Amino acid sequence: MTTADKLRRYITAEVVWTGPVSDLTDDYPLLDNEVFDSMALMQMLAFIEEEFDVEIDDVELTPRHWRTIADIAALVESKLPS
Amino acid sequence: MLLHELLEAAARRTPRQVAIVDGERECSYEELDATANRLANGLIGRGVEPGDRVGLHLKKSVDAVAAIYATLKAGAVYVPLDPDAPAARVATVVDDGAIAHVVDADLVDRLDRGPTDAPVVERRPDDLAYLLYTSGSTGRPKGVMLSHRNGTAFVEWAGREYRVGADDRLSSHAPLHFDLSIFDLFAAAAAGATLVLVPRQASMFPVELASFIERRGITVWYSVPSVLNALVRRGALARGALPELRLVMFAGEVFPTAPLRALMAAVPHARFANLYGPTETNVCTAGDVPALRRDDDVVPIGRPITGVEVVAVTDDGGLAGRGEVGELLVRGPTVAAGYWGDAAGTAARWVEFPPGAGGDRWYRTGDLARTRADGAFEFAGRRDDQVKSRGYRIELGDVEHALQAHPLVAESAVVAVPDELLTNRLKAFVVATSPVTVHELLTDLATRLPRAMVPTEVELRSALPRTATGKIDRQQLLKEATNP
């Protein structure tokens, strides 16, 4: 399963995603469509840090890295050992 | 004094002063008052009569604030409808409140064309000003009836206690259907101060929130603790951050001591105040946070505010002595008159004390508190199944009721699992009559409940554990959810 798939599975299971799972594409605008509220974002952050064993810096918690699943996956993958 | 007279007085005193900052838009007191007058005349033109409930289905904005004042100027009762709640939930409130007029963004545009003269409507301080809907244990939200006097009594006290002045810039973080907004809106107007609307995206990202507070020169912050908790944990605050912030007020739930201590250390120049009060009481106790030395120090909820009586009553009906725990009963000018259209619910919660004593009734909060030697109270939990999650007040029965509405749900139980960041997170245990996925259940719930009430976790079971008397064993479920 790719990083993006793991993130997608988390969002459909834990964050309230009310649409069909197939609509949640890698470039679906998560922030513009208000998929998260502040607490859902904090919980997803905790999930990512545990699931991928990475640390997200406070300053990386900005809209730039969280607009889409692809953005978040890129952030996560930049921290994984190659 | 009426709530909208606070705005009118500020518009006369300081017409050019900025009343609201909404993104790049700044709105002066003169402009806000004029807009509110036009909208009020528009509402009256559409048949709104004194005492009518007017639903406001608007995102927080200059227009939404103007619509609040317009409703009050028309002599009507404003009912903020959660713009993020599902349509079915909003419809329940509209039905319960017998709301004949709902203002949305389109209607604001159409109403904003009338004359700018203030309408002449006779209203008294004890007339209803707003209804705030909260979660009800039977699955129907309850409308708390608050008068102009209930609002102004709190706001006048807060303005004095916290020395809110025209130079202050107050945050508006809480949504308008949440009672923290009463301070934001009306304490700002009373002082002729500036209200800065906090955009959703800034409050999602702690580093952005810190920079927003700093850039916008916010001097007074008021919110639920969870936002401040995220700010101190992930906001990259250096010591001495947010230099203009002079007062941090929080309410709605317990602020865990460790992050509160960390925040006080990062912002040592600010005064920190804990305010307490269910929606039915506005705010009834308050106190400054004392110096915290350890992470297990208890932060009291403070002493009764001016003019308000608060007592702790033990199970045997007597007053709790020093160090004892009792249920808090409250009466005074900030306390609501009851629940809209619910005489039985009102009679159950507004009681005589001692029974048969006559006089003004006391509101039974259902909150337990310990009485301290210095007269302050310490929060000690709930008597019933009401819980707090990220500051939202949630009846577990309300969530179970919504789950049960799904055709494939045979049985469900919802428990509140303590959580460092959210205070509580909700976990649902569900027995289904035929196969169903968690995603289907969550999707269905999201059409019935506001987001804060949707469980973060759902577990499907073939059966739920029972107590000896055959009831669902919620203690057992809570134990399993807490230590999986």
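How many salt bridges are counted between domain 1 of chain B and domain 2 of chain B? The points below work towards the answer.

1. This is a predicted model, in which local features need pLDDT of at least 70 and side-chain atom pairs count only at pLDDT 80 or more, while totals for chains, interfaces and linings use all residues. Residues are numbered from 1 along each chain as its sequence is written, chains are lettered from A and ligands numbered from 1 in the order in which they are written, and side-chain values use heavy atoms, with hydrogens and water left out.

2. Chain B is divided into domain 1 (3-288) and domain 2 (394-482), with bounds that come from an automatic or database domain assignment. Taken over C-alpha atoms, the centres of these two domains of chain B are 32 Å apart.

3. Contact here means heavy atoms within 4.5 Å, and 18 residues of domain 1 of chain B are in contact with 16 residues of domain 2 of chain B. Together the two domains of chain B bury about 1200 Å², of which 48% is on carbon and sulfur atoms; buried area is the accessible area (1.4 Å probe) that two parts lose on being put together, summed over both. Of the area that domain 1 of chain B buries against domain 2 of chain B, 35% is supplied by Pro86(B), Arg89(B) and Ser135(B), more than by any other three residues.

4. As for the opening question, the count between domain 1 of chain B and domain 2 of chain B is two salt bridges, each being a side-chain nitrogen of Lys or Arg within 4 Å of a carboxyl oxygen of Asp or Glu. Arg233(B) forms a salt bridge with Glu420(B), and their closest N and O atoms are 3.3 Å apart.

5. In helix H9 (residues 206-215) of chain B, the buried residues are Pro206(B), Val207(B), Leu209(B), Ala210(B), Phe212(B) and Ile213(B), where buried means under 20% relative accessible area, exposed over 50% and partly exposed in between (1.4 Å probe, protein chains only). Helices (H or I, at least four residues) and strands (E, at least two) are DSSP runs, numbered from the N terminus. The buried residues of H9(B) pack against helix H2 (38-51) of chain A, and also against strand E9 (194-197), helix H8 (200-204), strand E10 (220-223) and H10 of chain B. Just after H9(B), Gly217(B) takes a positive phi of about 60°.

6. Not counting residues up to four places away in sequence, Tyr162(B) touches several residues, among them Trp157(B), Arg246(B), Leu275(B) and Asp288(B).
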